[in-house]
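Here is a short briefing for a first look at this protein. Keep the sequence and the 3D view open as you read.

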Amino acid sequence: MAPSDTARPPLDPRLFGDGPARDPRFTVREVWAELENYPDGTPERDHEFLHRQMNEEMCVMENAARSLADFPDADWSVRKGLARQCADEARHTMNYHRLLLARGGHVGQYPVTNFQYRILGRIDNLLGRLAVQNRSFEADGLDAATHALAEARAKGDEVLAETYDAQQADEVCHIRFANDYIKAQLQQSPRVGLQIARALNLCAEAFAQVFAGGGEDVEKYGVAVEARLEAGFSPEEVEVAVRQSNERRAAVRARLGLT
Ligand SMILES: [Fe+2]
Ligand SMILES: [Fe+2]
């Protein structure tokens with residue numbers, strides 16, 4: 001659906017900064033409903049997914065790079081984590097690009113959205129950015145990659161399975177360094193928890209706008225428990241995530257009439 005066909009209100013500029021640079025091949029849309037959302041199990045969906053994922057990995061790389069530039073005085077350990085993340089996300093972008101081309105697709109074939117980059121642009125502190133990008137977006141991505149890995153293996157798509165497998169290992173490291181940093185900072189000064197809470201609230205509000213037309217009806221998979229523990233979440237945090245995920249999926253199943 002083209003943006004001109006929709007009657008939605010504009011995104012709130014309080015929640016969304018500028019988008020990243022994209023060359024003219026890309027068609028950039030603002031919300032999920034304006035993307036090409038093909039049904040699961042269709043060939044178009046698999047193709048579009050590679051394209052979407054390629055752009056998302058690029059946004060994550062750009063977020064990590066921007067944080068490195070914006071916070072030159074942050075601890076060396078966290079800057080080293082961000083630098084490594086830039087390299088990893090660049091590799092993920094190139095992996096999806098290669099797969100897209102190998103399977104007959106091309107850059108710019110589908111519209112993309114850069115909401116991750118735009119939301120991070122409205123968070124002015126490193127703890128908040130890490131809480132949103134690494135600890136939330138990437139933890140959700142880890143659940144998705146863990147599920148997709150099993151799905152690709154079951155289908156016998158070894159090339160895709162290997163891509164997810166390598167990516168999963170990298171994402172664990174990205175979440176882990178953020179978890180370690182956030183926990184150390186909270187121990188030194190529990191007041192920094194306010195920055196994190198503010199950032200997470202902003203993200204929740206922004207998400208509600210991006211996905212107002214759908215896109216969060218994921219009920220196929222839950223929390224990747226082992227991978228999240230490996231990524232530095234405590235057993236209690238994982239337990240809460242599992243409970244929330246189960247409740248959310250049950251609500252989605254009820255809404256879709258799947259129960
Ligand atoms: Fe990645
Ligand atoms: Fe990552």
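Of the 259 residues in the protein, 36% are buried. The model is a predicted one. The protein has eight helices and two strands.

**Overall form**

- The order of elements along the sequence is β-α-α-β-α-α-α-α-α-α.
- The C-alpha atoms fill a box of roughly 50 × 40 × 35 Å, taken along the principal axes.
- The radius of gyration is 18 Å, which agrees with the value near 18 Å that a compact globule of 259 residues would have.
- Take the contacts between residues at least 6 apart in sequence: 77% of these join residues at least 24 apart.

**How helix pairs are described**

- Two packed helices are described by the angle between their axes and by the distance between those axes.

**Helices α1 and α2**

- Helix α1 covers residues 43–70, and it packs against α2 at an angle of about 160°.
- The axes of α1 and α2 are 8 Å apart.
- Angles over 145 degrees count as roughly antiparallel, so α1 is roughly antiparallel to α2.
- The crossing of α1 and α2 is left-handed.
- The contact of α1 with α2 has 15 nonpolar, seven polar and three charged residues.

**Helices α2 and α5**

- Helix α2 spans residues 76–102, and helix α5 spans residues 158–188.
- Their packing angle is about 160°, and their axes lie 10 Å apart.
- α2 and α5 are therefore roughly antiparallel to each other.
- α2 passes α5 in a left-handed crossing.
- Which residues of α2 and α5 make the contact? On α2 they are S77, V78, G81, Q85, D88, H92, N95 and L99. On α5 they are L160, T163, Q167, D170, H174, F177 and Y181.
- Sorted by class, the contact of α2 with α5 has five nonpolar, eight polar and two charged residues.

**Helices α4 and α5**

- Helix α4 runs over residues 126–155.
- The axes of α4 and α5 come within 8 Å and cross at roughly 155°.
- With that angle, α4 and α5 are therefore roughly antiparallel to each other.
- The crossing of α4 past α5 is left-handed.
- The contact of α4 with α5 has 17 nonpolar, eight polar and five charged residues.

**Residue A150**

- A150 sits in helix α4.
- Why does A150 count as partly exposed? A150 has 13 C-beta neighbours inside 10 Å. A residue is buried with 20 or more and exposed with 12 or fewer, so A150 falls in between, as partly exposed.
- N95, one of the α2 residues in the contact with α5, is 55 residues from A150 in sequence.
- In space, A150 and N95 are 18 Å apart, C-alpha to C-alpha.

**Residue D18**

- Where is D18? D18 lies in the segment before β1, the strand at 28–29.
- D18 has 10 C-beta neighbours inside 10 Å, so D18 counts as exposed.
- D18 and N179 are 161 residues apart along the chain.
- The C-alpha atoms of D18 and N179 are separated by 27 Å.

Methods:
Residues numbered from 1 in each chain as written. Chains lettered and ligands numbered in written order. Predicted model: local features only at pLDDT ≥ 70, side-chain atom pairs only at ≥ 80, totals over all residues. Axes fitted to C-alpha atoms, helices over the stretch in contact; angles between N-to-C directions. Helix = DSSP H or I, 4+ residues; strand = E, 2+ residues; numbered from the N terminus. Parallel < 35°, antiparallel > 145°, perpendicular 65-115°, else oblique. Left-handed = near helix turned anticlockwise from the far one by under 90°. Contact = placed C-beta atoms within 7 Å. Nonpolar A, V, L, I, M, F, W, Y, C, P; charged D, E, K, R; others polar. Rg over C-alpha atoms; globule rule 2.2 N^0.38 Å.
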